[in-house]
Amino acid sequence: MIDEMRDIAGSVVEQLRHRGVDYGDARVENTDLESLTFRKQRLAEAELTAERGVGVRVLVRGCWGFASCSGLDTEEIERTVDRAVEVARAGAGVMEGSVRLSEEVPSVGHYDGPCLKDPFAVSMTEKMDLMAKAADTMHESDSITMSWTSLRFERKRRVFGNTQGTLVSSDLVFTMPVINAYAVHDGDMQSRGFQDGARIAGWEWVEEAGLQAWAEKAREEAIMKVRAPEGPAGEMDLVLDGTHLSLTMHESVGHPTESDRVLGWEASMAGRTFLNIDDQERLRYGSELVNFVADNTMPYGVASWGWDDDGVPGQKWYTVRNGIFQQFGSVRETALLVGREHSTGCCRAQDFSSFPINRQPNFYLQPGPGPVTPEDLISEVQKGVYIEGRGSFSIDQRRVNFQFGGDMFWEIRDGRKVQPLKKVIYRSRTRDFWRACDGMADDRYFRTMGILTCGKGEPMQSARMTHGASTSRFRNIEVGRGAE
Amino acid sequence: MTGEELLGVVEAVLDSARVPDAVASITEYRDAAVRFGQNRITQNMDRFERKLRVTLGDGERRSVYTTHRIDVDAVPDILSRAMEMLRTASPDPEYMPPVEGGQVYPIVEAWDGETAAMDASARTRAAALAVSTAAGRDMEASGLVEMSYTKTAIGTSTGNLAVHRSTEAGMRLTMDRGKASSFRMLSSESWADLPIEETVHRVAEEVQADQAQEELEPGEYRLLFEPQAVADLVPYIAWSLNARQADEGLTVFSGKLGERVTGEDFTLGSEVDGTLKGMPFNEEGLASRDVVWIDSGRLVAQPCSRYWAGQSGREPLFIPGTLAVKGGPGSVESILRGVKGRALLFRRFWYIRFVDQKELSLTGMTRDGVFLVEDGRIVHPVKDFRWNWKPLDLFSTIEALGQPERKWQLSVPPMLLGPVRL
């Protein structure tokens, strides 16, 4: 399959050379998706999807043109090449083009993502039994009125070739188990779920995730939560676990450090950033403890594709080091504009039919040197809340003013977790929040969350990336209840 | 492909399916768009896709297979994959056969041939106008100019067969200078109907008026929502309407059918072939129809699957892709002139999320224009701020409604709402 796709990419690149474009690339993709979902204790969805197609991007006098088609029909692909060149010329005829790509060494190669057990080879009976058992476990209590149990497997084969000599391919398997239990009590409803998300991995991720144990935990904690008192309000300390922080960092660090935002290319949709280009290597973003490491070579990271959709290899760098902002994530088109010689390899499209844009890399909050446990962090809190998992989330378009909820809350009093809570939210401003970080557990407590649905761009595209952190502490944060 | 060709593939799939129950649908989609930002074109696209979806059922089990392989020769292989999935699926206690034959589908005229055939030059000229206008005023323009068409054919093993096609043209435009900004969205089935030039100049004027924002002083304010601000909130109500989720105690509408949920000036419905053009059928092949969900503040209907309709004694209903809020005679300007005391005028909201789904409480930010209004006139722009509101409570305090405007698949009026403490 990959060989056939490489031939198609090579053929498109050859056609682009003959048409005399200044630059051109081809992406050929073939994706198989299996999605199985239990709603309560019944199989509500069993769906297979087979997607394939080609995306062609060209530069003519500094103007982009992009066209795509589904299927791998030769004549349709030739028409797609024509359309890409046509729209680029239309742009060049109206406005002066200004696109300049960073110089990158051409790559040739192939990357296989880690996958020990092919999930498509696991019998449907085994999958159904696993999900049915988890669903039955959640519904052992009548307080659970609804639940979701799902397994999602995706095999994505992708080939990228360009007129500068790059020809690379990847074979990636994405696996994502999901569990959510919903408890109803006294007119209220609360949920609890497994939120570690997706990995580039095979069936071994389903086994490691421990759905059966999570079904029990989700059931018990959803019931505990719906019967819990609402949280306290006022300024207090927060202790946040890795699955919770993964979303907080995604919104308040990942998005503001995208180079297309600082250039204003997302101003109409996803928004801008509070950062300026000359803040690189100067601006204090967080406390001295705060180190954000971007890593598109991270094992299991769902943005570890070998090469991005510019054909640039996956890389590892500091976004924030010892609390100081280091650099934006970039693509070949933005690297020079934000004062960098080379792209960090953050160019990705949702699929073959989308124009690739600047996306967040995998990145994580580097754990503390330790040894420090979450209990050590909690023991130094007089009044606060411990939060696990993600809940409500919202942030302004410049990525400063945010409000987050969570999936499970515990009141901390005099250094101990004393009772579960519900409807806790906290509000802060990005740099105030990260500067309030004064403690971090070590890497034994590191948890990751693989996101498959980060929305950005127009037309809207979903992108995937993995974040992670060890449990960390933040001092004097404004905490509220529900919609108050 | 023509409508007849699309139906031909659908019929070939249905004819070859060796199971009692089958539904096949095929969608052809073309989307051409120019994206711009920082006063330059950043993307120029022409995307084309055909997708076939086959649902098979044997009376107990069901499977769905979706593919980009669209040709009659591929049908045996496509069905073989779907059958393999079907054989290994577990029995579904909520199994439903395909919708009964004899569905009568509304004819929805939503196609504009010129928009479907438009080349890239019109789009790039519109983007260039926005960019040059902004640059001439020391502003930056960003946004999207887009034209698309969709053709969908569907058939069921119970004898239903239908095809529908629609076009869509639109522009989303933001201009900003520092923290001053404005945003407008245009949409229609026809590119020719879009007032591009007028809107570009209007947005530039609005940026000028957004300079020198001041902090919001705590206090009570009436809220004046432009149509876009209403359009940003209404989908959260629609997503909470589902009958089964309400019956299971999961939403704010649990046990509320027939009861008052907002003030009597709020009416929310869906239309299939009015100002808005909906889909004439859903993915099961069930015929669409106009529905009123909230009538003068009372919850009168809820989207309901065929299975749950049978269990709960309701009628199967679904949202046909459109939402319409009933309006009144005024405009934003006339409502503003009638404001007594203090109010805030909102152009748009951003990053709205549920805080609590059971309460239908939301949080979000203001964006691209908030203005203090006193006794019928704008006093000054206000800096963006976070809000936490319950839209059903807000829509219980409607004091004035204006004429609805189309915002993609929503028709929404401007609204003046009663005092809220901020």
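In chain B, two residues separate strand 1 from strand 2 in a hairpin, and B:Gln38 in the turn has a positive phi of about 55°. Strands (E, at least two residues) and helices (H or I, at least four) are DSSP runs numbered from the N terminus. The model is predicted, so that local features need pLDDT of at least 70 and side-chain atom pairs count only at pLDDT 80 or more, while totals for chains, interfaces and linings use all residues. Residues are numbered from 1 along each chain as its sequence is written, and chains are lettered from A and ligands numbered from 1 in the order in which they are written.

One of the bridges links B:Gly37 to B:Arg40 in strand 2 of chain B. Strand 1 of chain B also pairs with strand 4 (residues 140–156) of chain B, in the antiparallel sense and over 14 bridges. Here B:Ile26 has B:Ala153 of strand 4 as its bridge partner. Strand 1 of chain B, residues 21–37, is mostly covered, with 13 of its 17 residues buried. A residue is buried if 20 or more other C-beta atoms lie within 10 Å of its own, exposed if 12 or fewer, and partly exposed in between, with C-beta atoms placed from the backbone.

Strand 2 of chain B also takes part in the contact between the chains. This contact takes 61 residues from chain A and 67 residues from chain B, where two residues are in contact if their C-beta atoms, placed from the backbone, lie within 7 Å. On the side of chain B that touches chain A, strand 2 (residues 40–57) of chain B gives the most, with twelve residues. That side of chain B holds 25 charged, 21 polar and 21 nonpolar residues. Ala, Val, Leu, Ile, Met, Phe, Trp, Tyr, Cys and Pro count as nonpolar, Asp, Glu, Lys and Arg as charged, and the others, Gly among them, as polar. Strand pairing also crosses between the chains: strand 2 of chain A and strand 3 (residues 62–67) of chain B run parallel and are joined by four bridges. In strand 3 of chain B, B:Tyr65 is the bridge partner of A:Leu48.

Chain A contains ten helices and 25 strands. Its radius of gyration, taken over C-alpha atoms, is 24 Å, close to the 23 Å that the globule rule gives for 484 residues, so chain A is as compact as a globular protein of that length. The globule rule is 2.2 Å times the number of residues to the power 0.38. Along the principal axes, the C-alpha atoms of chain A fill a box of roughly 70 × 55 × 40 Å. Of the 484 residues in chain A, 60% are buried. Among contacts in chain A between residues at least 6 apart in sequence, those joining residues at least 24 apart make up 76%.

Chain A is assigned domain 1 (2–226) and domain 2 (234–481), with bounds from an automatic or database domain assignment. The C-alpha centres of these domains of chain A are 22 Å apart. Contacts between them involve 40 residues of domain 1 of chain A and 38 residues of domain 2 of chain A. Strand 6 of chain A gives the most to the side of domain 1 that touches domain 2, with five residues. The residues on this side of domain 1 of chain A comprise 16 nonpolar, 13 polar and eleven charged.

An open sheet of six strands in chain A has mixed pairing and the order 12-11-10-15-24-23. Its edges are strand 12 (324–325) and strand 23 (447–456) of chain A, each with a single partner strand, so one side of each is left without a neighbour in the sheet. Strand 15 (residues 363–365) and strand 24 (residues 461–469) of chain A pair in the parallel sense over two bridges, and A:Tyr364 has A:Gly468 of strand 24 as its bridge partner.

Chain B likewise has an open sheet of six strands with mixed pairing, in the order 10-9-8-11-18-17. Within chain B, strand 8 (residues 268–270) and strand 9 (residues 291–295) are antiparallel and share three bridges; B:Leu268 stands opposite B:Ile294 of strand 9.

Methods: Pairing = 2+ DSSP bridges.
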